[in-house]
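Good morning, and thank you for the time.

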Amino acid sequence: MADLLKLSVPGKPEYVGMVRMAISCLANSIGFDIEAIEDIKVAVSEACTNALCHSKNRAGGYEVYCEMSDDKLVVSVVDQSGGYDKNSYKEPCLDHPQEGGLGIYIIKALMDEVDIFTELGYGTRIRMVKYTR
Amino acid sequence: MTLHIQKSFDPQKGLWEIVPQGEIDISTAPVLRSCLDEAFNEEKGHIVLDFDQLRYMDSTGLGVIIGAYSRMKEKGYRIVLKNPRKNILKLLQITNLDRILCAEQE
């Protein structure tokens with residue numbers, strides 16, 4: 001059975017680094033190598049940044065759920081920031097780089113499984129899985 | 001998380017060397033944005049970003065650099081990254097930004 005750690009994070013940018021440190025310790029304790037730990041740190045940071053950027057009320061905060069088992073780490077970043085229209089998301093054009101829009105693309109590139117659930121008027125959950133292999 | 005940035009201008013080469021130390025994420029990316037804008041407004045020149053002492057960067061930092069790259073390119077100047085650590089180089093490669101920003105290493 002997986003252990004579950006839940007972090008309740010204030011909706012302020014300065015706390016993203018603390019989440020990153022916590023996730024780094026967890027991933028290390030499960031036995032991920034350095035490259036995988038870096039991948040997880042970036043992906044979780046991107047998801048937290050996403051929660052902050054979509055938040056109309058930054059003071060509202062968001063939750064980070066970490067499920068740890070022998071072969072994988074599952075991290076879900078959940079906000080109640082009103083969600084967004086999933087159809088409006090476009091993959092970034094890498095030949096013509098823009099300032100924004102790389103976060104989800106990077107998460108998908110670094111994690112083994114990524115699911116995004118969003119509902120307009122409610123919020124967004126980004127669920128990310130990394131296997132220890 | 002902290003970010004310290006050192007910058008110096010070489011008038012003979014017409015080149016800024018900017019050295020960020022620490023981590024660039026959503027909380028510190030505005031510091032990098034201000035530094036790049038202030039430098040370029042102070043003296044027009046190319047910018048070399050030396051990442052030797054930068055431990056971490058995510059899409060927020062990439063966005064700032066892409067913005068600066070676009071604004072400088074319009075005016076005929078370049079921004080080049082050097083010495084990125086393995087974790088940062090991986091992000092640059094994933095997003096193909098290594099091709100336009102890491103020209104010195106090719």
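Of the 106 residues of chain B, 36% count as buried; a residue is buried if 20 or more other C-beta atoms, placed from the backbone, lie within 10 Å of its own. Please bear in mind that this is a predicted model, in which local features need pLDDT of at least 70, side-chain atom pairs count only at pLDDT 80 or more, and totals for chains, interfaces and linings use all residues. Residues are numbered from 1 along each chain as its sequence is written, while chains are lettered from A and ligands numbered from 1 in the order in which they are written.

Now the overall form. The C-alpha trace of chain B spans about 35 × 30 × 20 Å along its principal axes. Four helices and five strands make up its elements, where helices are DSSP runs of H or I with at least four residues and strands are runs of E with at least two, numbered from the N terminus. Along the sequence, their order in chain B is β-β-α-β-β-α-β-α-α.

I turn to the partner chain. Which residues meet? In chain B, 18 residues are in contact with 19 residues of chain A, contact being C-beta atoms, placed from the backbone, within 7 Å. On this side of chain B, the elements that give two or more residues are α2 (59-74) and α3 (86-94). The largest share, six residues, comes from α2(B).

Key:
Two residues are in contact if their C-beta atoms, placed from the backbone, lie within 7 Å. A residue is buried if 20 or more other C-beta atoms lie within 10 Å of its own, exposed if 12 or fewer, and partly exposed in between; C-beta atoms are placed from the backbone.
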